[in-house]
Amino acid sequence: MIVVAGEALIDLVPQGAGALSALQPALGGGPYNTAVALGRLGSPAAFCSRVSYDAFGEALLDRLRETGVDVASVQRGTEPTTLAVATVDEDGSAAYSFYVDGTADRLFQAPSALPSGTRAVSFGTCSLVLEPGASAYEELMRSASARGVFSALDPNIRAGLIPDADAYRARFKSWLPSVTLLKLSEEDARWLGGTPQEWLAAGPAAVVITRGGDGLTAYTADGGTYAVPGERVDVVDTIGAGDTVNAALLHGLAVRDALSGRALAALGPDGWTELLGFAARAAAVTCSRAGAEPPYAHELDG
């Protein structure tokens with residue numbers, strides 16, 4: 001079981017040009033997309049979050065169930081669902097503004113236990129910013145790591161939600177001793193400051209940096225560097241691409257029985273090249289269609 005902990009929200013995606021174009025609601029949130037992608041790839045997965053009882057919340061849970069994701073760890077609340085208004089550039093890149101005051105997901109409380117058979121927990125995005133939920137997710141990250149559970153982190157920076165950048169950067173560094181695999185975009189890496197080598201020295205066994213169409217690069221604690229190019233595709237938008245990479249990496253490690261720091265170190269050049277290539281193909285499929293629509297396993301055969 002791979003547990004994904006974090007927010008579920010509604011993306012409002014413009015259907016045309018201009019600030020007043022019609023907005024299409026779409027199920028989203030970085031952790032939520034990761035959970036859906038894991039389910040579509042065939043990995044046993046569970047979602048750990050707090051979701052509204054409103055119609056949006058019901059729709060979010062319905063898709064998780066349809067995808068085979070366990071929702072027994074989802075907490076519920078009467079508060080509304082968080083909304084993220086997307087802006088898509090000409091090259092398909094997406095930016096967001098958020099409506100988060102008084103929403104259900106930020107009131108998450110750390111559970112007393114993870115689902116039986118949990119092998120890994122994935123964290124990231126808004127859930128690690130918005131209090132009081134951020135402290136609860138941080139508590140879960142530290143407690144899972146202390147029990148030897150593989151922990152993955154994708155900070156997926158949303159700068160508009162971070163009131164004190166320096167405080168967040170310091171907090172990010174404090175998480176690293178509890179992280180096994182750190183994945184982040186090139187843009188996030190620049191915003192956070194530092195280098196893969198500095199982050200590896202703080203705790204993770206591997207750091208993976210995504211570079212959009214230029215591919216992915218993995219850095220390992222033993223000094224290894226492994227890179228693959230991006231898959232060429234006609235980009236509709238990039239919504240959910242990084243979340244798909246998260247899921248593909250976790251799924252690929254799970255099928256290799258490599259969900260541990262020691263196993264990451266033992267992958268070697270061939271293992272890392274295959275894993276990163278699989279993640280690049282998965283992300284390309286997501287980019288080829290509108291919204292966060294990660295691929296199913298059969299779409300990546302071969």
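In which sense do β13 and strand β14 pair, and over how many bridges? In this predicted model, β13 and β14 (residues 225–228) pair in the antiparallel sense, over 4 bridges. Within this pairing, Ala218 has Tyr226 of β14 as its bridge partner. The two strands form a hairpin with 4 residues between them, and Gly223 in the turn has a positive phi of about 95 degrees.

Strand β13 (residues 216–220) also pairs with β12 (residues 206–210), to which 5 bridges join it in an antiparallel arrangement. Here Thr220 of β13 is the bridge partner of Ala206. β12 and β13 likewise form a hairpin, with 5 residues between them; Gly212 in that turn has a positive phi of about 60 degrees. Strand β13 is mostly covered, with 5 of its 5 residues buried. Leu216, Ala218 and Thr220 point one way from the strand, whereas Thr217 and Tyr219 point the other way.

Attention now turns to helix α1, where Pro31 is found. Pro31 has a relative accessible area of 3% and is therefore buried. Among the residues that Pro31 touches are Val4, Ala5, Phe47 and Thr125. Between Pro31 and Ser49 there are 9.2 Å in space, C-alpha to C-alpha, although they are 18 residues apart in sequence.

The largest pocket holds about 1,200 Å³ of space. It is lined by 49 residues, of which Ser185, Glu187, Thr238, Ala241 and Gly242 are the closest to its centre. The elements that give two or more residues to this lining include α1 (30–41), β11 (181–185), α5 (186–192) and α7 (241–255). By class, the lining comprises 20 nonpolar, 16 polar and 13 charged residues.

Definitions and conventions:
Residues numbered from 1 in each chain as written. Predicted model: local features only at pLDDT ≥ 70, side-chain atom pairs only at ≥ 80, totals over all residues. Heavy atoms only, no water. 1 Å grid on protein atoms, 1.4 Å probe; cavity = no way out; pocket = protein on both sides within 12 Å on 5 of 7 lines; lining within 4 Å. Points joined across faces, edges and corners; volume = space filled by probe spheres on them. Nonpolar A, V, L, I, M, F, W, Y, C, P; charged D, E, K, R; others polar. Buried < 20%, exposed > 50% of the residue type's maximum accessible area, 1.4 Å probe, protein only. Contact = heavy atoms within 4.5 Å. Pairing = 2+ DSSP bridges. Lists of a residue's contacts leave out its neighbours within four places in sequence.
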